[in-house]
Amino acid sequence: MRDLTLEQKRAVVEVEGTVCLKAGAGTGKTSVLVNRYLNIFSNLLEKGVSPEEAIESILAVTFTNKAAGEMRERLEGELENMSLPREVLARRAYISTIDSFCTRLLRENALEVGLEPNFRVINEIEAKILFCKVGKALLEEGKLPRVTIDQWLDDFLSRIYEYVQELRNEAISPSEFLRQIPKAKGEEKRNLAHLIAKIYASYEEELKRRHYFDFSGILLETLHLLKKNAKIREKYQKQFRYVLVDEYQDTTPLQDKLLRQFSHNYFVVGDIKQSIYAFRGAKPENIEDFGKESELSLSLTKNFRSFNQILKVVNKALDKEIPGYEPISSEEEGEGCAVEIFLGEYQEEEAEFIAQRILQLLRGYRLKNPMRKEDWGRSLELKDISILLRGIKTPVGIYEEALRRHGIPFVTTGGTGYYERPEIRDLVALLSTINNPFDDISLIRLLRSPIFRIKNSSLSSLATVFAEREIEDKEKMVRKRYPLYDALGKLDGLDIGEEDKKAIRNCRALLEKFFVEKSKYSLGELVYKVISQSNYFHYAQSLPPTERRRTLANITKFFNLIQEFEERNIFSTLEDFIAYVNEVTQQGVVESEAKPGEENAVRLMSIHQAKGLEFPIVFLANVKDKAFPFKGGTLPFYAYDEDSIISTKEEMRGRRRGIDMEEKRLLYVSLTRPREKLIISGTKSTQEKVSPFMSYFLDEKWKVKEKFSSLIEDRREKFLQDRKVWEKGIYPAAQREKEIDSLPLEEIRRAVFSSYKSISSHEISPPSFTVTQLATFDQCPLRYKYLYLFNLPPDPGLEREKEEEMIEESTFGTVIHKTLEEYILSRKEREEWRESELTSKFRSLAKAHGITDREIRNIYEREAKSILLRFLDNSENQIGNIVRVEQPFHLFIEDCEIRGIIDRIDRTSGNGYHIIDYKTNRQKNEQPYVLPMQLYKWGAEKILGYNPVEKLSLYWLRHNELVTIEIGKDMERDLEKKIKTIIKKIREEDFEAVVMAKRCESCDYKSVCEILAKSPSPHRGEG
Ligand code: SF4
């Protein structure tokens, strides 16, 4: 408690009764929560309660898993100082989100209340897909009342889902909702209400049947359990003598009800100004209500994050805008100008300003906030800067483009940027068309994608002919829909160039192949096959270096997402996966782009994503009319007129006011993220009004457009020129005045700025290689590229074949290695080998590596036993001779670090050393291991001091045979030369393949290898 202020101390020591703490941004509420927890804990110990019981008496609820993790971490440190074992906290403490807490509570009581103990908790997207499936099934069976809908069925059902989740967040069951139906006016609305109640009830039944809970379901079930079962309720009321809840302003009515079931000693922390989750059902008034009912209400207003200059701007802007606003202030005023405002005419101009201002700051800015002693005086780095946007989905590309053309590494960490990436959209279009060839929109995207590159003019020829056929049929009074897919097989007589015709035929052939084959594969295998056979990998490899890395990293991430999707095992079909991706894209679920090694990068994120974070420099961008405050699309579907199904007009008007207020709270959250500098930027074109939020700041002295106008002056003319050029559809960078109907705007922009410098991840990442990486390059540089540069996953089809043989070879090898290492380390010199100990070591290590008991029995009898017993019998393995096992080393060649681990070093009779490398391969082949063995010798002699190494051996464990690798006279000189050549080639990105039939046959990348493929682009070039 030594560093706490008086207002914080009070919040820590007043532990009895109901206390509500209103904590402004950056006022140290986490410290208060941790210290209060510790204070309660110490008090309980003093009263003679055991540490275990004391820990279990405190329930701490956080808003996110990350916050729970941070709280645990801080407590672990503090409790260790009190000599309390870490495991007590890890196992017993109730510190989690409310969802996790309820899941734990239900599992603890599952059998008693008749629940399946292995119930699953499904995420929001899975819940929505399931809900829509239930709705469609009812519709197909004709079991729903008739209603008129003016939107796509999927959109209609997903809006009903959102409405049902609102009901669930208010703890309104289907039957209670049915009781409210008489309030709905008119038959149409009553039918709609009955339809909602019917799908809602069926959805609940489906969840129950599958033993699933959605997030609201977990809470509802817990509330139900506590209300209906007095014994269980009393047990927890007795146990949780203290309840601490963080971020109370973001609780829903259901969470509020649930959290009030436990104790008399509540401590809730929150800040109504930071409530930004109304769209998820949060009710900011919950904290106000709690404050009114509390025995003690406290406030934290002293800020420990930002310069006071920034806080004055925040207070001035929002003091009169947010009811009950409590100003915050800091003792550090800050040097220079901590707040800057820029108002441009075009978004490109604003983005250019941001990029140039970042470069300017990076050149000389030093961190100077005394409240962050650990950073004080150091140079500004890229990771210290963030660009916040109200919504990241639409405008982010313009800011990314500006950063890219100035070579500023960045990571987009929020929104659906990932799913909007062209490569992901192309792949989803390809999969969607395989799933449903009559999905015209996906088929058009696929035909225009880099796989087939069909011109727009050819596409419109296809569409026009079929539109004419449709008209003809209409005249015959026959209404028939002609999907575009039908057109792909009827190209004769169409005004389409031969090259495009070939590509269209190839597209059709590829689709037909997978219509037939798709049922043969798992989802992961299917996607891998589709991507490799469509040559998308090859297209990605042909991109310029920075873009290529980014594209391939995103494709790799796509595989990881599929794997996660399959592992969750809620859905498994291609159709479900497409629905999943569509849902993620529409919902704007946070999915960051893959990061190709650029950790020290500017962060681009949404304000929601930035909640709880802080940065030295924050740009709040795109503050323009209708974008921030955001207008449109936020009212729920039943508000399409003022007279909703179950709400009164006044309630609906209240909702609208609530939405406006939430935008102001979002502004507060964004303005309170910076520590040292806040730069607000936006635009106002001649046709637009200035954003109401921007007008809060414009009259102030911080307006800096004039100050920075020279920064953008040079670019301004170019923007205007570029604009005209883009409008005409001309590709100016190459000075080619040609039609570019197949190039999307994004590509034109990329081309326009292609001459600008960009930084590759190789330039900014430290040069460091493992021995295995160098050996991989030595064998086949192209394989190195796939594995380490692109991080491509191996073909899941090949993986499965291997796994079917037995448990993965690499896992088996690791377990054998570890067994020998640990066993040798546990023996003393001259002690006897003991077979039983070696066997039990193997079993426990295999188990630790996730191998099941049945598999362990199997592989032990079949392989491991004989390997280990023969190892003990081999006279080469004398414990007295072994000097080191699993010995790591680092050596430097030029500026590159090379890291390796030597399996074993023995002493020889001649006072020299013998390096032994274990191998569990079935086939003996020394050649790939020559380079690693030579590097081990170098590392052992030069770095570890085991000199001279007289002998290098590969120990083929399956054959119980040691094979010696020759040590040549000039080995060291040749090796150094070789390593330097490899490093040079890696840096120059020279990855020429070395094809060898036997090696290629067992290569994980044979299905995507551009050298093995007959032609780099068969779909474009062959008929
Ligand atoms: S298949 Fe052969 S050439 Fe291609 S990456 Fe693998 S080893 Fe290299």
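This is a short walk through a few spots in one protein structure.

Okay, hi everyone. Before I start, please keep in mind that what you see is a predicted model.

Let's begin with the nonpolar cores. The largest one has 127 residues. Within that core, the residues with the most contacts are Leu462, Phe537, Ile555, Phe558, Ile915 and Ile979. And which helix gives this core its largest share? That's helix α10, residues 187–210, which supplies 9 residues. If you remember one general idea from today, take this: in soluble globular proteins, nonpolar side chains tend to be buried together.

Let's zoom in on phenylalanine 558, one of those core residues with the most contacts. Skip its neighbours within four places in sequence, and phenylalanine 558 is in contact with Tyr418, Ile424, Leu427, Val428, Leu431, Val527 and Phe577. There is also a second, separate core, with 38 residues, and Tyr277, Leu311, Ile322 and Tyr668 are included in it.

Next, two helices. Helix α11 covers residues 215–228, helix α12 covers residues 230–239, and their axes come within 5 Å. The crossing angle is roughly 100°, so α11 and α12 are roughly perpendicular to each other. Who meets whom? From α11 we have Leu225, Leu226, Lys227 and Lys228, and from α12 there's Ala230, Ile232, Arg233 and Tyr236. Sort the residues of that contact and you get 5 nonpolar, no polar and 3 charged.

Is lysine 919 buried or exposed? Lysine 919 is buried, because its relative accessible area is 13%, under the 20% cut-off. You'll find lysine 919 in strand β18, residues 913–919. Its side chain makes a polar contact of 2.9 Å with the side chain of aspartate 917. Not counting residues up to four places away in sequence, lysine 919 touches Tyr929, Leu954, Tyr955, Trp956, Leu957 and Arg958.

Lysine 977 sits in helix α41, residues 971–987. With a relative accessible area of 62%, lysine 977 is exposed.

Last stop, serine 158, over in helix α8, residues 153–169. Serine 158 has a relative accessible area of 6%, so we call it buried. Leaving out neighbours within four places in sequence, serine 158 is in contact with Lys128 and Cys132.

Notes: Residues numbered from 1 in each chain as written. Predicted model: local features only at pLDDT ≥ 70, side-chain atom pairs only at ≥ 80, totals over all residues. Heavy atoms only, no water. Helix = DSSP H or I, 4+ residues; strand = E, 2+ residues; numbered from the N terminus. Buried < 20%, exposed > 50% of the residue type's maximum accessible area, 1.4 Å probe, protein only. Contact = heavy atoms within 4.5 Å. Core = buried A, V, L, I, M, F, W, Y, C linked by side-chain atoms within 4.5 Å. Polar contact = N/O pair within 3.5 Å; in protein donor to acceptor, adjacent residues only side chain to side chain. Axes fitted to C-alpha atoms, helices over the stretch in contact; angles between N-to-C directions. Parallel < 35°, antiparallel > 145°, perpendicular 65-115°, else oblique. Nonpolar A, V, L, I, M, F, W, Y, C, P; charged D, E, K, R; others polar.
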